[in-house]
Structure formats: C-alpha cells, structure tokens
Amino acid sequence: MLWQPACELDALRLRAQLLQAIRQFFQQRGVLEVETPLLCQAVATDPQLDFFTTRFHLTPHQQTLYLQTSPEFAMKRLLAAGSGCIFQICKAFRNGETGRMHNPEFTLLEWYRVGFDLAALMDEVAELLLTLLAPVGITHCERISYVNVFVEHTGLNPLVFDSEAYHAYVNSHGFADASTLCGENHALWLDFLFSHCVQPLLGLGQVTLVYGYPALQSSLARLNSDDARVTERVEVFVSGVELGNGYEELTDAVEQERRFNHEVAARQQQGLAPVIKDQRLLAALQSGLPACSGIAIGVDRLLMLVSGLSHIDAVLAFPIARA
C-alpha cells in the first residue's frame with residue numbers, strides 16, 4: 001500500500017523532537033534562523049554532484065532553474081549582506097542518489113558562524129551532536145587529521161600521488177576495479193580509498209571529526225596557512241556514517257572563481273551535465289564575505305543514528321518510491 005508512510009509514526013515524533021532541540025540549541029546562542037530559495041539560477045559546480053533542473057516559463061522566455069544541492073551559496077549572500085550568524089533547516093536535492101543512506105530529496109541543517117575558525121566550529125559541532133546523541137550512549141568526540149587517519153588505515157600518503165603504491169594497495173586488498181575507475185586521477189583515488197578503507201572505521205561509539213582535507217578535494221574551503229596542500233575542512237562521522245561537511249570558508253572571490261573554472265572544466269572532460277558559475281555568489285564575495293566557518297549536517301542520517309535504524313526510508317514519511 002504505497003499511499004501509507006514508509007516510517008513508523010514514532011519516527012515522525014522523534015523527528016519533530018530533534019528539530020525542536022536543534023532550533024533551541026541555536027536560539028540559545030543567538031543564531032538567526034533563515035530561509036533561502038531552493039529553486040535558483042545556478043548550482044554547485046562540484047563534479048561529484050548531480051542535480052535536478054526544471055524549466056521556468058516566463059513569457060516570452062524560458063529559463064532553466066536548478067533545485068539546490070545545498071543552501072550554501074544563498075546563505076553566503078546573506079552573510080555578505082550583514083546577516084551575522086545564521087542557520088537553516090531545509091530540503092536539498094541530489095540527482096542519481098538513492099539507497100540505504102541516500103534519498104534524492106533530504107533534509108539539511110546548515111549553519112555559519114561569523115568570526116569562527118575551524119577549531120571553534122568543531123567545538124560547536126561536538127557540543128550539538130553530543131547533546132543530540134547522548135540518549136543513544138554517544139558521549140565522546142575525537143578529532144584527527146585527514147593525513148593521520150589516512151596513513152593509519154592505508155599506509156599511503158594522501159598528499160602525494162604515488163600511482164604505483166596506490167595501484168598496488170588496491171590490488172592487494174581486493175579492490176582491483178579501483179585502478180580502472182580512478183585511472184590517474186588523484187582526487188578520485190582519495191574518494192575511493194577513504195570511503196572503502198577509512199570511513200567504515202570512523203566514529204565507532206563516538207563522534208569523529210576528521211579535519212585538514214587535501215586541497216584538491218575542497219573547492220569552498222580556505223587553504224591552511226602553513227601547508228597549501230591542505231584546507232580548513234572538517235567532516236563528521238558516527239558509526240561509519242558521514243554526517244556532515246564543513247569549512248573555514250573561502251572569502252577570496254578571485255580564488256573562488258578559479259576553483260569554479262577548474263570544476264566546470266572537469267565536468268566537461270568527464271562528460272557530465274554542464275553548469276554555470278554562480279555569479280551572484282561571486283559578486284557577494286567581491287563585496288566582502290566576513291571571516292566565518294560553516295557546516296551542513298544530514299538530518300535524516302542523524303535521525304537514523306538517534307533512532308537506531310539502518311535505512312533512510314525508515315525515518316522518512318514518503319521516500320522517493322512513495323513520493
């Protein structure tokens with residue numbers, strides 16, 4: 001009976017409680033809740049993302065619009081306009097993603113803290129998540145650098161692409177297909193090795209914050225002042241599940257456009273759907289984005305962890321198959 005919700009009614013009640021607790025957390029800290037458009041004239045250029053488009057019929061012209069993969073660009077425009085610290089709970093959309101951890105329409109919590117560096121953001125992420133996850137016995141948070149955790153679990157250097165070593169590693173660990181999938185693309189190798197060999201071992205019984213990602217994986221993050229091969233980026237893991245992705249934000253419009261151009265070219269080379277750069281975001285950066293850090297947390301995945309459920313459909317009223 002596809003008209004019925006996929007989840008139990010208790011999951012709906014737990015979602016409501018979770019959203020209330022999140023809002024209370026930020027209200028107590030004076031962070032403003034905002035709303036931004038989900039239907040926009042540009043979308044993220046990241047080659048890892050696929051997106052939904054629609055046609056806006058505005059006589060006598062038609063215009064392609066995009067369902068947003070994240071509210072990030074619009075929220076940064078608010079920051080540049082002087083909003084101060086902000087948060088948002090909204091829907092986001094990613095095409096081609098469905099499975100145990102993915103629904104093409106999902107709920108994001110995204111927030112930005114003016115004046116926070118990455119360490120301060122990680123403090124707040126830990127405080128929020130340990131508050132929300134305490135009922136399921138998660139009361140500890142660890143922090144580890146990407147380089148250290150990558151070396152610990154693979155023995156490979158993520159900052160230097162040693163093709164021979166990478167190919168030898170996957171061949172000896174039963175991932176021979178990786179050589180064909182990744183070729184000589186360092187970024188693809190890192191994504192593959194991290195997701196298959198590192199991520200499943202993270203956040204076991206705790207919150208794990210992995211920081212200092214390689215620069216070639218972080219198009220929106222500020223470069224580390226001591227090592228330009230590394231960015232001020234953090235990802236959050238619990239029970240092997242990626243919960244969130246955050247940055248000390250890049251504020252340089254020229255550098256941001258250069259990175260957009262690189263990603264647009266990469267999409268073209270890979271035969272992916274073309275995108276256009278978000279000129280309104282670039283204009284906002286040119287006007288002056290305040291020093292800030294921000295992060296997006298997947299609310300549906302968080303709810304899975306809080307409720308002890310193993311499939312995203314079990315926390316959604318109407319996943320894509322029943323939408």
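Phe 237 of strand E9 has Glu 242 as its bridge partner in strand E10. The two strands, E9 (233-238) and E10 (241-248), pair in the antiparallel sense over six bridges. The model described here is predicted.

**The eight-stranded sheet**

- E9 and E10 belong to an open sheet of eight strands, in the order E1-E5-E6-E11-E10-E9-E8-E7.
- The pairing in this sheet is mixed.
- The edges are held by strand E1 (32-33) and strand E7 (141-145). Each has a single partner strand, so one side of each is left without a neighbour in the sheet.
- Helix H4 packs on this sheet and touches E7 and strand E8 (207-211). The direction of H4 makes about 85° with that of E7.
- Ser 239 sits in the loop between E9 and E10. Its phi is near 55°, a positive value in a residue other than glycine.
- Ser 239 counts as partly exposed because its relative accessibility is 39%, between the limits of 20% and 50%.

**The three-stranded sheet**

- Another open sheet has three strands in the order E2-E4-E3, with antiparallel pairing.
- Strand E2 (39-40) and strand E3 (52-58) stand at its edges. Each of these has a single partner strand, so one side of each lacks a neighbour in the sheet.
- E3 is joined to strand E4 (residues 61-67) by seven bridges, and the two run antiparallel.
- Phe 52 has Leu 67 of E4 as its bridge partner.
- Strands of a sheet pair through backbone hydrogen bonds, either parallel or antiparallel.

**Helices H4 and H7**

- Helix H4 (residues 146-154) and helix H7 (residues 186-198) have axes that come within 10 Å and cross at roughly 65°.
- The crossing of H4 and H7 is left-handed.
- On the H4 side, the contact is made by Tyr 146, Val 149, Phe 150, His 153 and Thr 154. On the H7 side, it is made by Leu 190, Leu 193, Phe 194, Cys 197 and Val 198.
- Sorted by class, this contact has eight nonpolar residues, two polar ones and no charged ones.

**Aromatic pairs**

- The whole structure holds 13 aromatic pairs.
- One of the pairs is Phe 51 with Tyr 66: the ring centres are 5.4 Å apart and the planes stand at 75°, so the pair is edge-to-face.
- Phe 51 lies in the loop between E2 and E3, and Tyr 66 lies in strand E4. The pair therefore ties together parts that are 15 residues apart in sequence.
- Both Phe 51 and Tyr 66 are buried.
- Tyr 146 and Phe 150 form a stacked pair, at 5.6 Å centre to centre and with 15° between the planes.
- These two residues, Tyr 146 and Phe 150, both lie in helix H4, four residues apart, or about one turn of the helix.
- Tyr 146 counts as buried, with a relative accessibility of 0%. Phe 150 is buried with a relative accessible area of 0%.
- Ring pairs link Tyr 146 and Phe 150 with Phe 194, Tyr 213 and Phe 237 into a cluster. Of these, Tyr 146, Phe 150 and Phe 194 also take part in the contact of H4 with H7, and Phe 237 is the bridge partner of Glu 242 in E10.

**Two residues and their surroundings**

- Tyr 169 lies in helix H5 (residues 163-172). Its relative accessible area is 9%, so Tyr 169 is buried.
- Leaving aside residues up to four places away in sequence, Tyr 169 touches His 153, Thr 154, Leu 156, Leu 193 and Cys 197. Among them, His 153 and Thr 154 of H4 and Leu 193 and Cys 197 of H7 also belong to the contact of those helices.
- Tyr 169 and Leu 272 are 103 residues apart in sequence, and their C-alpha atoms are 29 Å apart in space.
- His 186 lies in helix H7. This residue is buried, with a relative accessible area of 13%.
- With residues up to four places away in sequence not counted, His 186 touches Pro 158, Leu 159, Val 160, Phe 161, Tyr 166 and Leu 216.

Methods: Residues are numbered from 1 along each chain as its sequence is written. This is a predicted model: local features need pLDDT of at least 70, side-chain atom pairs count only at pLDDT 80 or more; totals for chains, interfaces and linings use all residues. Side-chain values use heavy atoms; hydrogens and water are left out. Axes are lines fitted to C-alpha atoms, for helices over the stretch in contact, and angles run from 0 to 180 degrees between N-to-C directions. A crossing is left-handed if the near helix is turned anticlockwise from the far one by less than a right angle, and right-handed if clockwise. Contact means heavy atoms within 4.5 Å. Ala, Val, Leu, Ile, Met, Phe, Trp, Tyr, Cys and Pro count as nonpolar, Asp, Glu, Lys and Arg as charged, and the others, Gly among them, as polar. Two strands pair if DSSP finds at least two bridges between them. Buried means under 20% relative accessible area, exposed over 50%, partly exposed in between (1.4 Å probe, protein chains only). Rings of Phe, Tyr and Trp (its six-membered ring) pair if their centres lie within 6.5 Å; planes under 30 degrees apart count as stacked, over 60 as edge-to-face and the rest as tilted.
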